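Reader: I'd like to learn how to read a structure like this one with you. Could we take it feature by feature?

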Amino acid sequence: MIVQAIRLTGVMALVAGATIAVPAQQPDNAGPNRRLEGDWVRIDVDGAGSFGGLTSKFTPAVLTPEAAARGRGGGGRGGAGRGGPAPGASTTPNRAGVAYIAVAMPCSNPAGRGNGALLLNPDSGGVHFIEQKDEIIFAGERGGVRHIYMDGRPHPSHWTPTPAGHSVGRRDGDALVVETVGMTAGAVVAGGMRTPETKLIERFEISADGGRLTITYTWDDPKIYQRPHTYQIFMERVPAGSYALEEWCDASDPVEQQSIVPPKQLE
């Protein structure tokens, strides 16, 4: 996936959220370089060269027999968490000399992206954090906003599941620990699954120089996993002075459906 690989090298590091101007309150126990506030892009630390390759070294989820059977029967969605080929897309390789269409449905994501689904596992688009005393806003270049409540509130006793679920956070030294429940059923990276009862713990840790963000994911649900399903992703802070390009993926734009192979030029 050449388009994704290019994005991973930082071409799309200029995120839409970079223009948001909201006063931020410095958390009392976070060092100046350990704050999430600002713009970040996911990086390819293993040199996979494509978005799909980023998960190739993750330890696969160990499912319970019941969950594995449910997944094989179509009642769950395992796999890499990307949803597989787009509906109607052919998986048969083209014959030699026939160009592929690189982007058939750009920015196509599961329904509910506007509720923050994409940000449970950030993709190659940039993300933006705004920190306040009682709440952290986690917004994405490609849509979706998560609200991480820091005021000590519990999860609600009655909650209609949403793609992003309900998130509460706390500080653990310089790290941010976020617990999320109440997500809609769906796929989890590296062969996992989730239901509204599944608990996700995310640990956000920033390097001493403030330039690298490590997010550790732990999915816990005894009905699905024989042991908690854990993996990490890595992000890099966007340099100061970067700005958002006035560009947006639009599936109706013919330019977004061009082949990666230049067409033959006719005189």
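Predicted model: local features only at pLDDT ≥ 70, side-chain atom pairs only at ≥ 80, totals over all residues.

Reader: Which residues touch the most other members in the largest nonpolar core?

Author: The general idea comes from soluble globular proteins, where nonpolar side chains tend to be buried together. Here the largest nonpolar core has 33 residues, and Phe 129, Phe 204, Leu 213 and Trp 219 touch the most other members. Strand 2 (127-131), strand 3, strand 6 (175-181), strand 9, strand 10 (212-220) and strand 11 each supply at least two residues of this core. Strand 10 gives the most, with four residues.

Reader: How many helices and strands does the chain have?

Author: Two helices and eleven strands. Along the sequence they follow the pattern α-β-α-β-β-β-β-β-β-β-β-β-β. The protein chain has 267 residues, of which 40% are buried. For contacts between residues at least 6 apart in sequence, 60% join residues at least 24 apart. The accessible surface is about 14600 Å², and carbon and sulfur atoms account for 54% of that.

Reader: Let's turn to rings. How many aromatic pairs does the structure hold?

Author: Five. To sort such pairs, look at the angle between the planes: under 30 degrees counts as stacked, over 60 as edge-to-face. Phe 58 and Tyr 231 have ring centres 5.0 Å apart and planes at 20°, so this pair is stacked. The two residues are 173 residues apart in the chain: Phe 58 is in the loop between strand 1 (38-42) and helix 2 (65-72), while Tyr 231 is in strand 11 (residues 229-237).

Reader: Are Phe 58 and Tyr 231 buried or exposed?

Author: The cut-off to apply is under 20% relative accessible area for buried. Phe 58 is buried at 15%, and Tyr 231 is buried at 4%. Another pair, Phe 138 and Phe 204, is edge-to-face, with 6.3 Å from centre to centre and 85° between the planes. Phe 138 belongs to strand 3 (residues 135-140) and Phe 204 to strand 9 (residues 199-206), so to speak a link between distant parts of the chain, 66 residues apart. Both Phe 138 and Phe 204 are buried.

Reader: Where is Thr 198, and which side chain does its own side chain join in a polar contact?

Author: Thr 198 is in the loop between strand 8 and strand 9. With 0% relative accessibility, Thr 198 counts as buried. The side chains of Thr 198 and Asp 221 are joined by a polar contact of 2.7 Å. The Thr 198 side chain also reaches the backbone nitrogen of Thr 195 at 2.9 Å. Leaving aside neighbours within four places in sequence, Thr 198 is in contact with residues including Thr 180, Val 181 and Ile 224.

Reader: And Glu 202: buried or exposed?

Author: Glu 202, in strand 9, is buried at 0% relative accessibility. The side chains of Glu 202 and Arg 146 are joined by a polar contact of 2.8 Å. Among the other residues that Glu 202 touches are Leu 120, Val 178 and Tyr 217.

Notes. Residues numbered from 1 in each chain as written. Heavy atoms only, no water. Phe/Tyr/Trp six-rings, centres within 6.5 Å; stacked < 30°, edge-to-face > 60°. Buried < 20%, exposed > 50% of the residue type's maximum accessible area, 1.4 Å probe, protein only. Contact = heavy atoms within 4.5 Å. Areas by Shrake-Rupley, 256 points an atom, 1.4 Å probe, with all protein chains shown as cover. Core = buried A, V, L, I, M, F, W, Y, C linked by side-chain atoms within 4.5 Å. Polar contact = N/O pair within 3.5 Å; in protein donor to acceptor, adjacent residues only side chain to side chain.
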